[in-house]
Amino acid sequence: MKQINSLESEVRSYCRAYPVMFEKAKGPYLIDNDGKMYLDFLCGAGSLNYGHNNPVLKNKIIEYLNQDGIIHSLDLATESKEDFLKSFSKNILSPRNLNYKAQFTGPTGTNAVEAALKIARKVTGRTKIISFTNGFHGVTLGAVAATGNSHHRGGAGVSLNEVVFMPYDGYMGNKVSTIDYFRRLLEDNSSGVDLPAAVILETVQGEGGINVASSKWLQSLQEVCQEFGILIIVDDIQVGCGRTGSFFSFEGMGIEPDIVTLSKSLSGFGLPFSLLLLKPELDQWKPGEHNGTFRGNNMAFVTAKAAIEQYWTTYEFEKHIALKSNILKSRLEEISSKFPISDIQVRGKGMIYGIDCILENLASEIRQKCFENGLILETCGSDDQVVKLLPPLNISENKLHKGLNILEKSIAEIVQESNFDKKLTAEVVQN
Ligand SMILES: *Cc1c(COP(=O)(O)O)cnc(C)c1O
């Protein structure tokens, strides 16, 4: 740990919040080198939807390695790639009546976002992109320009251009339709907003504070976009792969995006892997125009296919997610109702939930206390004021309750120790 602190760059972040040396991981648990077990409700920021070292996926990789399967291949044809594409098409796209071409980008989410923005600009011949308040899309230049958070934007070092921000669903409170505002700007020749190539959005904002867009808002957005010939990019990097209860977060919402980005849990095993889905008519790339040395990770092809075949060939898994979603929601509402301040809000969908603590200090105190008590979770939101829960989707109900018990106990301890009642009331009044 000391060596890491002195040898690794100041840019490190998560290891500051959880300052122990981790040694092993299994299912919903991270285990440190003292053997202490932590329930992991951070899950690699949503990269481990099927838990750590999922045995089915692990065995597939071991088998693949043992038969000298190809590890690196640029974008050469490999059997593992074809097998993944066939399985994805058959089990994910076809049953949902979706027709997309698949583009493998460099292995990070942000690279898929870069590719999405590039192809939208190329196809439409327009430069502007509309992103939304509190959106997070990655930290390379194109993607960070579409990211709201000033902490991330500040790291860019150059001016961030060609993206215009619109208020997300609910940004102006319940009574204001932010889509009416968007439409008005597009209709008015003097609004100063140029016709954009695309909008990019998360249907549930993961890093931005667990803000959930309603189906009504998404449908109105799609209507406006269709009317003005604007492409819709759904960034499903964090909330896709089952996180909101269905494979894609936009299923059942009445919209069909033109472009979709997937990454984080796509490999199922925590391996770097990214995928861009695009409507066939948008696939106007020239060979190698958006390239990369690590396009398509063969080990990830193997585990991604195995994950699809383990979890997504029937609707059983979705039913299990729905059951656990109910537990998560009702327990969090119960827990938050015991808080000494009233503005606390529980938000989420499927198995991504947040408790908006209003106060940054309170959220980080909860994270810290939970960590001491054996539960890892993260904070998010514009001021890191939201405690975020991302349990593995395949966690048992028992372990889910166990994690929530730790959360409840930790909050009770904070309230008791610090006389939070009075302190919080004072802070809230000041704000
Ligand atoms: C994590 C994330 C990204 C960026 O992915 P990286 O692999 O970190 O580059 C982009 N969009 C969303 C919604 C994300 O959650």
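Predicted model: local features only at pLDDT ≥ 70, side-chain atom pairs only at ≥ 80, totals over all residues.

Student: Great. Which residues are around the ligand?

Tutor: The residues around the ligand are Thr108, Gly109, Thr110, Phe136, His137, Gly138, Glu202, Asp235, Ile237, Gln238 and Lys264.

Student: And how does that shell divide into nonpolar, polar and charged?

Tutor: Two residues of the shell are nonpolar, six are polar and three are charged.

Student: What lies 2.7 Å from an oxygen atom of the ligand?

Tutor: That is a polar side-chain atom of Lys264. The backbone takes part too: a polar backbone atom of Gly109 is 2.8 Å from a ligand oxygen, and a backbone N or O atom of Phe136 lies 3.4 Å from a ligand nitrogen.

Student: How much of the ligand does the protein bury?

Tutor: The protein buries 82% of the 380 Å² that the ligand exposes when taken alone. The space the ligand takes is the largest pocket.

Student: Nice. Switching to the sheet: what is the strand order?

Tutor: The order is β1-β2-β3-β15, in an open sheet of four strands with mixed pairing.

Student: Why is one side of β1 and of β15 left without a neighbour?

Tutor: Because β1 (22-26) and β15 (375-376) stand at the edges of the sheet, and each has a single partner strand.

Student: What about β2 and β3, parallel or antiparallel?

Tutor: Antiparallel: β2 (residues 29-32) pairs with β3 (residues 37-40) over three bridges.

Student: Which residue in β3 is the bridge partner of Leu30?

Tutor: Leu30 has Tyr38 as its bridge partner there.

Note on methods: Residues numbered from 1 in each chain as written. Heavy atoms only, no water. Pairing = 2+ DSSP bridges. Helix = DSSP H or I, 4+ residues; strand = E, 2+ residues; numbered from the N terminus. Near = heavy atom within 4 Å. Polar contact = N/O pair within 3.5 Å; in protein donor to acceptor, adjacent residues only side chain to side chain. Areas by Shrake-Rupley, 256 points an atom, 1.4 Å probe, with all protein chains shown as cover. 1 Å grid on protein atoms, 1.4 Å probe; cavity = no way out; pocket = protein on both sides within 12 Å on 5 of 7 lines; lining within 4 Å. Sits in = over half its atoms within 2 Å of the grid points. Nonpolar A, V, L, I, M, F, W, Y, C, P; charged D, E, K, R; others polar.
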